[in-house]
Amino acid sequence: MTEQTPEPATGEQSGPEQSSADHTAAKQSSAVKTRPEPAARTRRPGKPKLDALLAEAVDLAHDALYEIADPEQVGAHLGVTAEGDRLLTHRFAAAKSGYRGWEWFVTVARAPRAKLVTVCEIGLLPGEDALIAPEWVPWLERMNDEERQAHKAEQAEADEG
């Protein structure tokens, strides 16, 4: 049985090198089989689980806070929140003057199948009852009409002189 290759429609010459190369490429492309990509694992929706070992690390969290704050500035343990797998945040009341309603936080984590708890981050954040400053507004936007006129006059004098 003989194989025939079609003649090129553009008038190009078809030699034995070209027809065998085309034939080989056609064989290779038909021989390549593609497998479907495996489906990526998806995380299950919902809240992360509360890791028991990390939840019990209240004393470690207290000790970590004592490195940056006086013991009398750290109040009662307010609770723990799961941030991710093996990542929790302990919250403590802030008994610091000027920070009414604020909370200390200590984020702790551990590696999979490990028993060692590590402190990741420590800080102070406003709680729901905290007094916080209003959003900042630039001085030029806070000026009243009198102040604007005085500012324009000062600018004009500076430009002249």
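Tutor: Contact here means heavy atoms within 4.5 Å. This is a predicted model, where local features need pLDDT of at least 70, side-chain atom pairs count only at pLDDT 80 or more, and totals for chains, interfaces and linings use all residues. Residues are numbered from 1 along each chain as its sequence is written, and side-chain values use heavy atoms, with hydrogens and water left out.

Student: Which residues does H62 touch, not counting residues up to four places away in sequence?

Tutor: They are V74, G75 and F92. H62 itself sits in helix α3, residues 58–66. Helices (H or I, at least four residues) and strands (E, at least two) are DSSP runs, numbered from the N terminus.

Student: Why does H62 count as buried?

Tutor: Buried means under 20% relative accessible area, exposed over 50%, and partly exposed in between (1.4 Å probe, protein chains only). H62 has 17% relative accessibility, so it counts as buried.

Student: What makes L65 buried?

Tutor: Its relative accessibility is 0%, so L65 counts as buried. L65 also lies in α3. Beyond four places away in sequence, L65 touches V74, F92, W104, F105, V106 and I122.

Student: How do you know that strands β1 and β2 pair?

Tutor: Two strands pair if DSSP finds at least two bridges between them. Seven bridges join β1 (residues 74–84) to β2 (residues 87–94), and the two run antiparallel. In one of them, H77 has F92 of β2 as its partner. The two strands form a hairpin with two residues between them. In that turn, R86 has a positive phi of about 55 degrees.

Student: What pairs β2 with β3?

Tutor: Seven bridges again, in the antiparallel sense, with β3 covering residues 102–109. A93 stands opposite E103 in β3.

Student: Does α5 lie largely in the open or largely buried, and what makes it so?

Tutor: Of its 16 residues, the number buried is one, so α5 lies largely in the open.
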